[in-house]
Amino acid sequence: MVGAAAGGAAADVSGPRYDEPPVIEVRDLSIAYGGRPALRGVNLDVHRHEIFGIIGPANSGKTSFLRALNRMETFNASMEVRGSVSINGMNIRDWRNEYALRSRIGVVFPLPVGLPLTVYENVAFSPRLRGIRKKAELDEVVERCLTRAALWDEVKDRLDSLGSLLSGGQQQRLTIARALSQEPELLLLDEFSIAVDPVTTMRIEDVLRELRSELTIVMATNLVQQARRLADRTAFFLMGELVEIGVTEDLFEREAKDERTTGYIEGRFG
Amino acid sequence: MTPPADSAAAATPGAMDRRDAAWYADRIAQALIFVGGVSAIVFIAGIFVFVTREGLDFALGPLGLREFFTSIAWRPTSNTPTYGALALIAGTASVTGFAMLLSVPLSLGAALFIAEFARGKTRETLKILVEMLAAIPSVVWGFVGMSIMNPLIIRVFDVPVGLTVLNAGLILGLMAAPIMTTIAEDALKAVPDTYREAAEALGATRWEVVVKVVIPASRNGLLAAVLLGVGRGFGETMAVLMASGHAINLPTSPFDSVRALTATIAAELGDAPVGSDHYGSLFTLGILLFVVTFLINLAADVVVRGIGRK
């Protein structure tokens, strides 16, 4: 990563690169499930080293949007995707190998999904897929990823116990460590704090803020204040429609352009 | 908002102390379920006691256990009867072993395809077909063995007799496969989709997901499926009786005829006078079958628990 080395300790040096071409370009993205539309005509850009927040009530299309970014539509036969998503200037639907695409994108689901493996093997899963076999190398990756996910100190003595035996908050940090083990350039988080206590949520948010200097983060959240705390820019989705995108501060501090956004942010509906 | 009229009454100590219909229904349901659970134990114990009582006197008395396990001479109706069961044990073991060799890979493969790779109509059709296979009566399989496999084996391999280990093993394998497939598929389907999604999100291919996540997560169920198949093969009587040749023989090749423990009991019990040595010897075979089945299940249980702990 170019920015990280120059940035050093000061995280802000490696903030969003609005001057560079965007990492993700979404054009006219529409998603439907068996003919029932879930997302209509979304256009947006996400820039390198940005935390891009997506807010909106349930059924607004947040999750569908994230799923389209790493082509998880192959999982659900009834999910139809139209329009284009480009990552680093390449349309992801032109990539023949969706597995290679997914291996570059880390995903954190709303409820922590510990694979039925030990803590160690959960984090070593993706490196092993990449062909890392040496124990020492794997050890190093596992420790580094768990440390970055603020979990190492809590689990270093129980790496060989099942990941599912950890507490909910620990499991979610485990899935973050696992996502980081992919060395992704893009991290997608879908309402990651839904099953996590507030203290752990704050710790994860700190982790994300640090990670921003190394990668790009797209984060859907149902907590408006979480977007305010973390996101550089925020998009508001409502009933499958992108209502508004703005610099987070502008949306929250000054008047948003669309009164529905203001209404949602202030909790008048949602 | 005003509370409903009777909630005030329900809150009084008297109402709390009164047993209502739901309370009794709960108790009755508990009792019925308890009876259902215990009855399984009662039946198993009953069968065990019955079989043992009929066979144990003979097994520990006139029958020499050494002869039973080491001799192949099973001549219960001869003037000087001998009760060597080795050939019968070998017959059952060879046929079951051959059947498992065929059906374990076949059914696990089928289950993997149905559960993990087939989609939509293909999947539903296959499931229905497999379930239909499981419903074919064993005498029909035996008929297939006798009238189709037998001439086929004679022609293809140029052997004098087609009712052999090979024939019975093939038939038994095909019989055990549907039930193993169905149970293995259930085990695979019990693995939550979230695991598959999480693993694919990490960049794993479908095959990698199956090998590294789904199979390890369902191995207990898969093992149970295999052991159920073994049990099915072990206990099957009619098809084996018809397809194996029913000849007392220590098999040295798949083209030897054999006789199975179960088939021996089925064929001879009707002719053995109740209480005679012959009768007792057949029940001894029954005890053997029972003990082996019990050991298989026990082993499965231990293995499954052992894996679960790790």
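**Exercise 1. Strand pairing in chain A**

How many bridges join strand 1 of chain A to strand 4 of chain A, and in which direction do the two strands run? Work on the predicted model.

*Solution.* 
- Take strand 1 as residues 24-33 and strand 4 as residues 79-87, both in chain A.
- Count the bridges: there are 8, and the strands run antiparallel.
- Check one position. Ile31(A) stands opposite Val81(A) of strand 4.

**Exercise 2. A glycine in a loop**

Is Gly56(A) buried or exposed? Locate this glycine and list its contacts beyond four places in sequence.

*Solution.* 
- Gly56(A) is in the loop that links strand 3 (51-55) to helix 2 (62-69) of chain A.
- Count neighbours. Gly56(A) has 26 C-beta neighbours inside 10 Å. The cut-off for buried is 20 or more, so Gly56(A) counts as buried.
- List contacts, leaving aside neighbours within four places: Lys62(A), Phe236(A), Phe237(A) and Leu238(A).
- Lys135(A) is 79 residues from Gly56(A) along the chain, and their C-alpha atoms are 44 Å apart.

**Exercise 3. The form of chain B**

*Solution.* 
- Start with the elements: chain B has 13 helices and 2 strands.
- Look at the spans. The C-alpha trace of chain B extends about 95 × 55 × 40 Å along its principal axes.
- Look at burial. Of the 310 residues in chain B, 36% are buried.
- Look at contacts. Among those in chain B with a separation of 6 or more, 72% are between residues 24 or more positions apart.

**Exercise 4. Two helices of chain B**

Describe how helix 5 and helix 10 of chain B pack, and classify the residues in their contact.

*Solution.* 
- Helix 5 spans residues 86-117 of chain B. Its axis lies 10 Å from that of helix 10, at an angle of about 145 degrees.
- The crossing of these two helices of chain B is right-handed.
- Sort by class: 11 nonpolar, 6 polar and 1 charged.

**Exercise 5. Where chain B meets chain A**

Which helix supplies the largest share of the side of chain B that touches chain A?

*Solution.* 
- Count both sides: 17 residues from chain A and 16 residues from chain B.
- Find the contributors. Helix 9 (193-201) and helix 10 (206-235) of chain B each supply at least two residues. Helix 9 gives the largest share, 7 residues.
- Sort the side of chain B: 9 nonpolar, 3 polar and 4 charged residues.
- Turn to burial. In helix 9 of chain B, the buried residues are Arg196(B), Ala198(B), Ala199(B), Glu200(B) and Ala201(B). They pack against helix 3 (98-103) and strand 6 (105-108) of chain A, and against helix 10 of chain B.
- Finish past the helix end. Gly203(B) follows helix 9 of chain B and has a positive phi, near 95 degrees.

Terms used: Residues numbered from 1 in each chain as written. Chains lettered and ligands numbered in written order. Predicted model: local features only at pLDDT ≥ 70, side-chain atom pairs only at ≥ 80, totals over all residues. Pairing = 2+ DSSP bridges. Contact = placed C-beta atoms within 7 Å. Nonpolar A, V, L, I, M, F, W, Y, C, P; charged D, E, K, R; others polar. Axes fitted to C-alpha atoms, helices over the stretch in contact; angles between N-to-C directions. Left-handed = near helix turned anticlockwise from the far one by under 90°. Buried ≥ 20, exposed ≤ 12 C-beta atoms within 10 Å, placed from the backbone.
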